Amino acid sequence: MFTHFDEIERSVHAPQDRRLFIGLKPYVFVVIGIIFLTTIGAAWAQYLVYGLPEDPSLTLLTATEVSVKGFPLWLILCHWINFFFLVILIRSGLSILFDHPRLYFNNGCTPGSEWLKFTPIPVPKDKLWTAKDDARYISPLISLPGYRHSVGIARGWHFIHLLFFILNGIVFIALLFASGQWARIIPASWHILPDAWSVFVHYATFNMPVEPDGFYHYNALQQFSYFGAIFILAPLAIISGVCMSPAIENRFHWLPKLFINRQGARSVHFLVMLAYVAYIVIHVTMVVKTGFVGNMNHITLGTDNPSGTTGLYIGVAIILFTAVFFVYAHWASWNTPRWVQGTDAFINGNLWRSTINKLKPRSYFKKKDISPFLWPNGKLPTSEVWKKLAKNKFKDYKLKIGGLVENPVELSLNDLKNLGKEQNITMHHCIQGWSGVAEWGGVPLKTIAGLVKPYSSASTVVFYSFGEGLYGGVYYDTHTLDNCLKPESILAWEMNYETLSEVYGAPLRLRVENQLGYKMVKWIERIEFVETHKTIGKGYGGKNEDDEYYDLLADV
Ligand SMILES: Nc1nc2c(c(=O)[nH]1)N[C@H]1C(S)=C(S)[C@@H](COP(=O)(O)O)O[C@H]1N2
Ligand SMILES: [Mo]
């Protein structure tokens, strides 16, 4: 619905092969088994051996004094706003995930080392299989915008709305403490743990515990779940999300280690999503089962009325509004994608530019950290010029550097090598989600800038490739001159201490370590200093920015 793909777009976004596949490593089944045994299994064991524990909620029924109760308007608003944004984040996150449908706990992302994959296709060994080839289709019914390889737009939705999600969370928590409502959610003592367990034993063995009226009391497990969703899951989601940013990883490398490594952070980000989905399913089930009409009055009107249906109608209206929003978002994704890209650039581009983009990357990986594998991406050039150069091992290659510079030059590989060499071991971050650590050797862009002497009007550097983009046309990308002058920005002819191979960008490729992979042009043909990216290509800053709605600034 609402899409009008041409033939090439159809082959990318709506491929024939739409098989949904979930592949788990055997050890994951063992982990799931252990979790099952230590929760539901243990609950049954206790029930069968010792009988049902006392229901801690019974004391709540006789407790008459409560200091805080009910649902003030701000809490009601925050609750539904949170619901709305959470669903957007989950749906757009799924689209992002399926662009690299594998989850790992190692930085190198070697195919076969993933603990979970959503693709039935093993990586072919006899032909070039790029990360883009590996992307999977996901239905737009469950994801935003769905289809295959729609990561640019999906990130637009994800990043625009996560700010509102976080902002709403901050307001909620602030008011929680200001109003005293925190007492309903934050456990007063460690006793919550055995009490929550007792309630859990009841549910797990189908002995429904007594239900306190949620207007005055939550049962221990309920309180513990609310506490967990707010004070454990949300921070975990935010921190694991931040850890996936190249600008952060290359500067605060200890941060991703909280999750073992960068791919661990990505896995945890996914697991938090699963936990939220489970939370929503259980929460809604309990709301329906424990006096639906009354509960809806609590959370929409803030009144303790067990029979009026107004609250129910309001709740249904909010859910309908959310559904209509997703129809609109689907339409907007495929009809006004520039709007999504532009809004994201306006909000996040500016936010990142004034914060993490100022960070300078720092090398800290060691030789032993180099990944055994690095996913290749991009189409190998098909131009006759490049092929001819390749045949002669690029001995006749001349890199042209011009534009707004005092001293335009043409440099052979040897000339470049004579300018000096820097070697860095760094982590590559692809927008699709995979990463890999490699050594790169080449000449710093700072040296190049010193040689050609850009005019003061030159604030942007364009790197043109011999290769084409996904939809044809020359691949290029731009960087601000400032960013090119940061440490670890090099033109590399060496990868892992060997001459850069054809697949990885021979004769020359860019490395700019605070940015995502698509900014690092491979198979560089020429470099041009310009005033602005707006006059190049379609004017969005690069081939992927033009054709796939990626961000101009790729710090995250
Ligand atoms: N010319 C060209 N350069 C390119 C691309 C491309 O398609 N064409 N893809 C980019 C992307 S999306 C990534 S992730 C990296 C991949 O680098 P690698 O193949 O060395 O892993 O190259 C970048 N450079
Ligand atoms: Mo990428």
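In what order do the 3 strands of the open sheet stand, and is their pairing parallel or antiparallel? The order is S1-S3-S2, and the pairing is antiparallel. The model is predicted. The points below cover this sheet, a hairpin formed by S10 and S11, and a nonpolar patch on the surface.

**Open sheet**
- The sheet is open and consists of 3 antiparallel strands in the order S1-S3-S2.
- Strand S1 (23–24) and strand S2 (102–103) each have a single partner strand and stand at the edges, so one side of each has no neighbour in the sheet.
- S1 runs antiparallel to strand S3 (residues 116–117), and 2 bridges join them.
- In this pairing, Gly23 is placed opposite Lys117 in S3.

**Hairpin of S10 and S11**
- Strand S10 (residues 460–468) pairs with S11 in the antiparallel sense, over 6 bridges.
- Tyr464 faces its counterpart across the pairing, standing opposite Tyr476 in S11.
- The two strands form a hairpin with 5 residues between them, and Gly472 in the turn has a positive phi of about 85°.
- Strand S11 (residues 474–480) is largely enclosed by the rest of the structure, because 5 of its 7 residues are buried, buried being under 20% relative accessible area.

**Nonpolar surface patch**
- Phe36, Ile40, Trp44, Leu48, Val49, Tyr50 and Phe206 form this patch, and together they have about 850 Å² of accessible area.
- One of these residues, Tyr50, lies in helix H2 (residues 26–50).
- Tyr50 has a relative accessible area of 70%; the cut-off for exposed is over 50%, so Tyr50 counts as exposed.

Note on methods
Residues numbered from 1 in each chain as written. Chains lettered and ligands numbered in written order. Predicted model: local features only at pLDDT ≥ 70, side-chain atom pairs only at ≥ 80, totals over all residues. Heavy atoms only, no water. Buried < 20%, exposed > 50% of the residue type's maximum accessible area, 1.4 Å probe, protein only. Helix = DSSP H or I, 4+ residues; strand = E, 2+ residues; numbered from the N terminus. Pairing = 2+ DSSP bridges. Patch = residues over 30% accessible without salt bridge, like charges linked within 9 Å, V, L, I, M, F, W, Y side chains within 5 Å. Areas by Shrake-Rupley, 256 points an atom, 1.4 Å probe, with all protein chains shown as cover. Salt bridge = Lys/Arg side-chain N within 4 Å of Asp/Glu carboxyl O.
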